[in-house]
Amino acid sequence: MKLLVLGRGKTGALVAEVAQRRGHQVEVLRAAENIHAAALTPQRLAPLEVVIDFTTPHAVLENIEVCVHARKNMVVGTTGWYGELPRVRRMVEDAAAGFLYGANFSRGVNLFFDAARMAAAALRRGYSGRIFERHHAHKKDAPSGTAGQLQRMVREVSGAELEITSFREGDVVGMHELVLDSPADTIYLCHDAKSRLGFAEGAVRAAEWLAGKTGFFDFRDVWREL
Ligand SMILES: NC(=O)c1ccc[n+]([C@@H]2O[C@H](COP(=O)([O-])OP(=O)(O)OC[C@H]3O[C@@H](n4cnc5c(N)ncnc54)[C@H](OP(=O)(O)O)[C@@H]3O)[C@@H](O)[C@H]2O)c1
């Protein structure tokens with residue numbers, strides 16, 4: 001496939017590398033080459049199957065608007081914009097484009113979510129809960145999109161609204177913990193990413209899956225099919 005990766009940061013650069021390894025033709029744009037999405041011209045977008053975005057919460061919405069209006073399928077890994085999800089969903093449906101987003105493209109985290117959903121039943125049996133997340137000092141948004149997703153999932157299953165505590169330190173790739181506490185014991189569930197490879201592989205597989213499809217998809221609903 002012909003892919004365009006937006007963002008040559010820590011994750012975007014690895015996404016491009018993984019996509020090339022999987023036999024795709026990849027172009028990458030960084031911030032200075034795409035101010036206010038100006039590089040996303042009809043000519044540049046026309047030959048592409050999918051655009052993959054790993055940029056910033058400030059840049060991503062302009063990128064989404066231009067790609068969706070051009071009916072170009074898009075995989076968005078960038079977090080920090082989910083307040084706009086209903087508007088983006090309407091935009092995608094009106095344009096009949098293909099769009100897949102996810103706070104966390106790693107299979108391990110999605111398995112962790114399954115375990116968390118099951119364990120959250122404890123909150124209806126006298127346990128209290130907290131969510132902790134740790135990331136590198138340069139991460140721009142807090143709490144992380146993954147922690148927010150975990151919080152929403154726990155609320156859906158148990159009705160409880162858990163507090164999220166965020167730590168920003170050193171080079172931590174991404175650690176998420178769900179801690180459930182009772183007078184008798186404590187349950188700890190933890191996912192600790194060792195590298196960004198899991199995110200990058202998930203994003204490229206998501207792009208392969210999305211090519212030629214229309215619709216609005218959340219990675220957590222489709223990751224088992226990738
Ligand atoms: N869904 C997932 O699985 C997952 C996994 C990891 C990260 N993320 C999210 O992905 C995003 C990026 O994370 P990261 O760790 O890779 O951050 P990062 O290292 O700071 O990279 C962000 C990159 O975006 C570039 N950029 C900013 N505006 C742009 C634009 N208009 N066009 C093209 N590129 C632009 C920046 O370019 P310059 O360097 O030129 O300024 C920078 O290289 C964050 O929101 C993070 O939370 C999601």
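I take a residue as buried when its relative accessible area is under 20%. I note at the outset that the model is predicted.

**Entry 1: the aromatic pairs**

I looked up the aromatic pairs and found that the structure holds 11 of them. I then examined W81 and Y101, whose arrangement is edge-to-face. Their ring centres are 6.0 Å apart, and 70 degrees lie between the planes. I located W81 in the loop between β4 (73-76) and α4 (85-95), and Y101 in strand β5 (residues 98-101). The two residues are 20 residues apart, and the pair links distant parts of the chain.

**Entry 2: F99 and F216**

I turned to F99 and F216, which form a stacked aromatic pair. I noted 5.5 Å from centre to centre and 5 degrees between the planes. Which parts of the chain does this pair tie together? F99 lies in strand β5 and F216 in strand β10 (residues 215-218), so the pair joins parts that are 117 residues apart in sequence. By the definition with which I began, both F99 and F216 are buried.

I then checked which residues belong to one cluster with these rings. The aromatic cluster is formed by W81, Y82, F99, Y101 and F216.

**Entry 3: charges over rings**

I looked for charged side chains placed over aromatic rings. The charged end of R134 sits over the ring of F167, at 4.1 Å from the ring centre. I also recorded K213, whose charged end sits over the ring of W209, 4.2 Å from its centre.

**Entry 4: the ligand**

I asked which residues come nearest to the ligand. There are 24 residues around the ligand, and K10, T11, T79, F105 and K139 come nearest.

I then looked up individual contacts. For K139, an N or O atom of the side chain is 2.8 Å from an oxygen atom of the ligand. For R30, I found an N or O atom of the side chain at 3.2 Å from an oxygen atom of the ligand. A103 takes part through its backbone: one of its N or O atoms there lies 3.2 Å from a nitrogen atom of the ligand.

Conventions:
Residues numbered from 1 in each chain as written. Predicted model: local features only at pLDDT ≥ 70, side-chain atom pairs only at ≥ 80, totals over all residues. Heavy atoms only, no water. Phe/Tyr/Trp six-rings, centres within 6.5 Å; stacked < 30°, edge-to-face > 60°. Helix = DSSP H or I, 4+ residues; strand = E, 2+ residues; numbered from the N terminus. Buried < 20%, exposed > 50% of the residue type's maximum accessible area, 1.4 Å probe, protein only. Lys NZ or Arg CZ within 6 Å of the ring centre and 35° of its normal. Near = heavy atom within 4 Å. Polar contact = N/O pair within 3.5 Å; in protein donor to acceptor, adjacent residues only side chain to side chain.
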